[in-house]
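Dear colleague,

Please keep the structure open beside the text as you read.

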Amino acid sequence: MVYERNSSKKVCVIGAGPAGLVAARELRKEGHDVVVIEQSHDVGGQWLYNPKVEEENPLGQDCNFLKVHSSIYASLRLTSPREIMGFTDFPFVVKKGRDTRRFPGHKELFFYLQDFCERFGLREMIRFNTRVMNVEILDNLVLGKDLKWVVKSKAEKAAAVVVEEVYDAVVVATGHYSKPRLPTIKGMDAWKRKQMHSHIYRVPEPFKNEVVVVVGSSLSGQDISMELVNMAKEIHLSARSLNISQGLSQVISKYPNLFLHPQIESLHEDGRVSFNNGSWIIADTIIYCTGYSYSFPFLDTKGIVVVDDDRVGPLFEHTFPPLLAPSLSFIGIPRKIIGFPFFESQAKWIAQLLSGKRVLPSWDYMMQSIKDFYQSRDLAGIPKHSTHDVASFEYSDKYADYIGFAHLEEWRKELCLSALRNSEINLETYRDSYKQDEEMLQVALNSPHFTQLGPNQDLTQ
């Protein structure tokens, strides 16, 4: 329901990655007073490449606040074509003198986010090199009744003091590709050789002539394994299932030093890695490409919002904790979606709720909706740690309907699916060979998403 009320709130956005930037834009558009707090020196979040990983714990353990946020490695290229990734009113177009590939390297997406920031004048709202230390509810307030939040932050400067401020609302937009998620393997603590999570993998050179075990056959595990074949002595890819894609099978057949194994059963002090089919090898390094966990070490909601086996909840529509909304919200929790348009729809809903233009359903309705969602996931056999794996265009469209936001275009959906299908078959070449997309690509480039730039707009400028 839409109302005419328009109240301005003082809002703190935590994080200046894609989700935080579009949140800042939409909040300001609704008349709110916005401060974005960003721990790094520039915008981009995950897309701000950081080669300096030496001080980070190799497994990301024993620390609440990681020293390194980005998990991007030097050679990383996008797994989705640029056409589908842009915000609805700011297409991710080719720029002259930059990376013009459909599946560009990570730096090109960082430049896109810089361009977005400059186009909408967002930089003036951002405090860089500042870490949020603590966020908690202001004392003596009744839950659900005009909550306020105390935000404590500290600049990176040596002499900086903790700054304490009060906000009407907090938007958490810190991403979910930083805190390593690790398997539990017998002997892991006793294994004396090098173990690391892909969070701190950057380049292949340190692994020259080594025997490397890569744990996990998802996107990063595949990418890193393929990059290591020309540098390491042997690469042993350990997968949860040996029922792998045609594309990965072809890669393994192509390289004589790349081997596929089942899951690891145990690790031994002498360097042995034993697999659950009885085979074993002696390895120099183990790289865990086993995903990431949600982590909000700064957030204290007195147990109202918790992370339980990577289920962040309770959250209505992956965004709002019913007892604290709309004064506390999360952008960017869902995975396996076309991210930027979804973040934009989240940002618009949050901004309009805070201005009073819209209202959330009742607490009872939201809690029942969450309960029903959890039950549906359980019945489908989906593990708790995959709660936020959406993998549904229909869900994105349903979410958009809450605020009258545009549905995903058919060309955007089709180009997304085409890239997924192509990667399953042609793992090494899908980013550069995509004849099957030519017709749909023309549909995309002639759609309002791109023609909104105007007939005289040169996409290469």
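Arg-28 forms a salt bridge with Glu-124, and the closest N and O atoms of the two are 3.3 Å apart. This pair links distant parts of the chain, since Arg-28 belongs to helix H1 whereas Glu-124 sits in the loop between H2 and strand E3 (126-127), 96 residues apart. Arg-28 is partly exposed, with a relative accessible area of 30%, while Glu-124 counts as exposed at 68%. Please bear in mind throughout that this is a predicted model.

Salt bridges

Side chains of opposite charge can pair when their charged atoms come close. How many salt bridges does a search of the whole structure find? The search finds 36 of them, and two others are described here in the way the pair above was.

Arg-25 forms a salt bridge with Asp-89, with 2.8 Å between the closest N and O atoms. Arg-25 is buried, at a relative accessible area of 4%, whereas Asp-89 counts as partly exposed at 29%. Both residues also belong to a network of salt bridges, in which Arg-25, Glu-26, Lys-29, Asp-89, Glu-344 and Lys-348 are linked.

Arg-431 forms a salt bridge with Asp-223, and here the closest N and O atoms are 3.4 Å apart. Again distant parts of the chain are linked, with Arg-431 in the loop between helix H8 (410-425) and helix H9 (438-445) and Asp-223 in helix H3 (residues 219-228), 208 residues apart. Buried is the word for Arg-431, at 11% relative accessibility, and Asp-223 counts as buried as well, at 16%.

Two helices in contact

Two packed helices are described by the angle between their axes and the distance between the axes. The axes of H1 and helix H5 (residues 339-355) come within 8 Å and cross at roughly 35 degrees, and the crossing is right-handed. On the H1 side the contact is made by Pro-18, Ala-19, Val-22, Ala-23, Arg-25, Glu-26, Leu-27 and Lys-29, and on the H5 side by Phe-340, Phe-343, Glu-344, Ala-347, Lys-348, Ile-350, Ala-351 and Leu-354. Of the residues in this contact of H1 with H5, eleven are nonpolar, none is polar and five are charged.

Strands

Strands of a sheet pair through backbone hydrogen bonds, either parallel or antiparallel. Three strands form an open sheet in the order E13-E14-E15, and their pairing is antiparallel. Strand E13 (264-267) and strand E15 (280-282) stand at the edges and have a single partner strand each, so one side of each is left without a neighbour in the sheet. From one strand to the next, the twist averages 20 degrees. E13 and strand E14 (residues 272-275) run antiparallel and are joined by three bridges, and Ile-264 stands opposite Phe-275 in E14.

Strand E1 (residues 10-14) pairs elsewhere, and four of its five residues are buried, which leaves the strand mostly covered. E1 and E2 pair in the parallel sense over five bridges, and the bridge partner of Val-13 in E2 is Val-36.

If residues up to four places away in sequence are not counted, Lys-233 touches Asn-209, Glu-210, Val-211 and Asn-257. From C-alpha to C-alpha, Lys-233 and Trp-47 are 31 Å apart in space, and they are 186 residues apart in sequence.

Ser-386 has its place in the loop between helix H6 (363-379) and helix H7 (393-401). Ser-386 counts as buried at 13% relative accessibility, because a residue is called buried when its value is under 20%. Which residues is Ser-386 in contact with, leaving aside its neighbours within four places in sequence? They are Arg-335 and Arg-377.

With best wishes

Terms used:
Residues are numbered from 1 along each chain as its sequence is written. This is a predicted model: local features need pLDDT of at least 70, side-chain atom pairs count only at pLDDT 80 or more; totals for chains, interfaces and linings use all residues. Side-chain values use heavy atoms; hydrogens and water are left out. A salt bridge is a side-chain nitrogen of Lys or Arg within 4 Å of a carboxyl oxygen of Asp or Glu. Buried means under 20% relative accessible area, exposed over 50%, partly exposed in between (1.4 Å probe, protein chains only). Helices (H or I, at least four residues) and strands (E, at least two) are DSSP runs, numbered from the N terminus. Axes are lines fitted to C-alpha atoms, for helices over the stretch in contact, and angles run from 0 to 180 degrees between N-to-C directions. A crossing is left-handed if the near helix is turned anticlockwise from the far one by less than a right angle, and right-handed if clockwise. Contact means heavy atoms within 4.5 Å. Ala, Val, Leu, Ile, Met, Phe, Trp, Tyr, Cys and Pro count as nonpolar, Asp, Glu, Lys and Arg as charged, and the others, Gly among them, as polar. Two strands pair if DSSP finds at least two bridges between them.
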